[in-house]
Amino acid sequence: MKFSERSAKQTEVDIADYYAVKPKAIWRGLKQESPAFWWLCIYLFLEYIRPASLYPVIDILPWTQIALLMVCVTALNDKSIKWVSSTGNFLIILFFFIVLLSSVFAFRPSVSWDAIDIPLNWLILYFLTITVVNTEKRFFVFVLLFLLVNFKMSQHGFFSSAARGFSYTSWGVTGSPGWFRDSGDFGIAMTIFFPLASAFALALKDYWGRYKRWFFYFLPITGMVTIIATSSRGAQLGMVAIGVWFLLKSRKGIKYMIGILIIGWVLYATLPERMLAEYQSAGEDQTSQDRLDHWAFGMEVIRDKAVLGVGYRNWLDYCNFMNPYGLGMKGKCRLPHNTYIEAASELGVPGFLVYVSIALYMFRINARTRANANKCGNKLVLYLAHGLDGGLVGYLVSTIFFSELFYPVFWLQFSMTVALHEVSMKQRVLKV
């Protein structure tokens, strides 16, 4: 057998074997993928798990930055990579341009430039994801990896909560070091994880046996339990918003309404008394009052600095300058704990409008993806588009109470949304 014939045979892995999550088949397919895709998957793993922080002995190099650089280098030799035309490209470039302008005219420009690598990182990640993850098989592997790295954290949250009898603790549970070391940030990551995990399981359950099915059912369950275990009211409200969103979208309204009401009642009945007390005191407790004081100051900043804000990453410096004796009941300047106020106060009204436009565009493009999936009869793509919508709803509601503008979850969600739409477009063209 000639080498070319042998290579062609090796690449013949049926998509049904991917759907069935057959490790040997997926591995056989992965061996035929380009180095760029491998490095992108390695980057995702490193960004979410942060093994160097868990094992200091290997913390000798900037592993995540090296992985991202390797994606860029190897992508140059990947002939399968083509330019992707999308309105999302214009929006994310415009957003980054506003970040640059706000940094130039910032209250303290040096603070902005010291952290400019963060938005630049998400800009690069976006374009690499939408161009490298350009087939259904690649997208399947990428999403599966995304679910598994989140499950690595959610199972820890689930079993940590179970070990204490699912009782309430004010500190909650946390995820991996880095982006998710705070319980609130971890909870928001879970609001994106659990609807996507649910969509994945519901789309492919008929391909699996009993044990594999229950494993993938367990993923979203750990996500929901972990959201409660974080003790983050914002993330918990995001989870409720996801349920309401799917109820409103469902054609089986009565059936799902009953189901959601039952789940809601069970969750309410099992919530610890101290957690219920936190909800009852919302708006009156010290944390709420402190947050309201920061929001009020944020609105003043937006009125005074409407064009370009106080500058990217300049909130704390500007807050301390304007409030030398502190702010709020705790007498200390903190982050605004509201992503929308963060966007408008640091980047001005233009930055806020572009950020909101990106979110609205994601809803629009997911709808187009579902239309393509319906025409092609692709259940997985259809359900994943619903799952991405659900995660976006949870994120947008949760971040009313957190400053998450430059955290990876939103920008990776954006990247996957555009990539999935591109995959669906290719399938629709082939179908025609």
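Modeller: Let us start with A52, which is buried, with a relative accessible area of 12%. Buried stands for under 20% relative accessible area, exposed for over 50%, and partly exposed for what lies in between (1.4 Å probe, protein chains only). Before going on, please keep in mind that this is a predicted model, where local features need pLDDT of at least 70 and side-chain atom pairs count only at pLDDT 80 or more, while totals for chains, interfaces and linings use all residues. Residues are numbered from 1 along each chain as its sequence is written, and side-chain values use heavy atoms, with hydrogens and water left out.

A52 belongs to helix α5, residues 51–54. Helices (H or I, at least four residues) and strands (E, at least two) are DSSP runs, numbered from the N terminus. Leaving aside residues up to four places away in sequence, A52 touches I58, D59 and W63; such a contact means heavy atoms within 4.5 Å.

Now let us step back to the whole chain. Its secondary structure comes to 20 helices and zero strands. Of its 432 residues, 52% count as buried, A52 being one of these. Among contacts between residues at least 6 apart in sequence, 79% join residues at least 24 apart. The chain exposes about 20,500 Å², with carbon and sulfur atoms supplying 65% of that area; accessible areas come from the Shrake-Rupley method with a 1.4 Å probe, and for residues only the protein chains shown count as cover.

How far can you trust the picture? The pLDDT, which is the predictor's confidence in each residue from 0 to 100, averages 87 over the chain, and 87% of the residues score at least 70. Over residues 1–9, though, the pLDDT is below 50, and beyond near neighbours in sequence this stretch has three contacts in the model. Where pLDDT is low, the predicted coordinates should not be read in detail.

Rings of Phe, Tyr and Trp (its six-membered ring) pair if their centres lie within 6.5 Å; planes under 30 degrees apart count as stacked, over 60 as edge-to-face and the rest as tilted. The count comes to 35 aromatic pairs. One of them, F140 with F200, is tilted, at 5.5 Å centre to centre and 40° between the planes. This pair links distant parts of the chain, 60 residues apart: F140 is in helix α10 (residues 136–163) and F200 in helix α11 (residues 183–204). Both residues, F140 and F200, are buried. Another pair, Y395 and F410, has ring centres 5.2 Å apart and planes at 25°, so this pair is stacked. Here Y395 comes from helix α19 (residues 379–398) and F410 from helix α20 (residues 408–431), 15 residues apart, and both Y395 and F410 are buried. Ring pairs also build a cluster whose members include Y18, Y19, F140, F200 and W208.

A charge can meet a ring too: R291 lies over the face of F402, 5.8 Å from the ring centre. The rule asks for NZ of Lys or CZ of Arg within 6 Å of the ring centre and within 35 degrees of the ring normal.

Next come the cysteines. The structure holds one disulfide, a term for a pair of cysteine sulfur atoms within 2.5 Å. C319 and C333 form it, with S to S at 2.3 Å. C319 lies in helix α17 (residues 315–322) and C333 in the loop between α17 and α18 (339–376), so the pair ties together parts that are 14 residues apart in sequence. The link of C319 and C333 is left-handed, with -80° about the S-S bond, and both cysteines, C319 and C333, are buried. Elsewhere, C72 is partly exposed at 28% relative accessible area, whereas C376 is buried at 17%.

Last, two backbone details. Most residues other than glycine have a negative phi, and most peptide bonds are trans. V21 has a positive phi, near 50°; V21 sits in the loop between α2 (15–19) and α3 (23–30) and is buried at 11% relative accessible area. H337 also has a positive phi, near 55°. H337 is found in the loop between α17 and α18 and counts as partly exposed at 27% relative accessibility.
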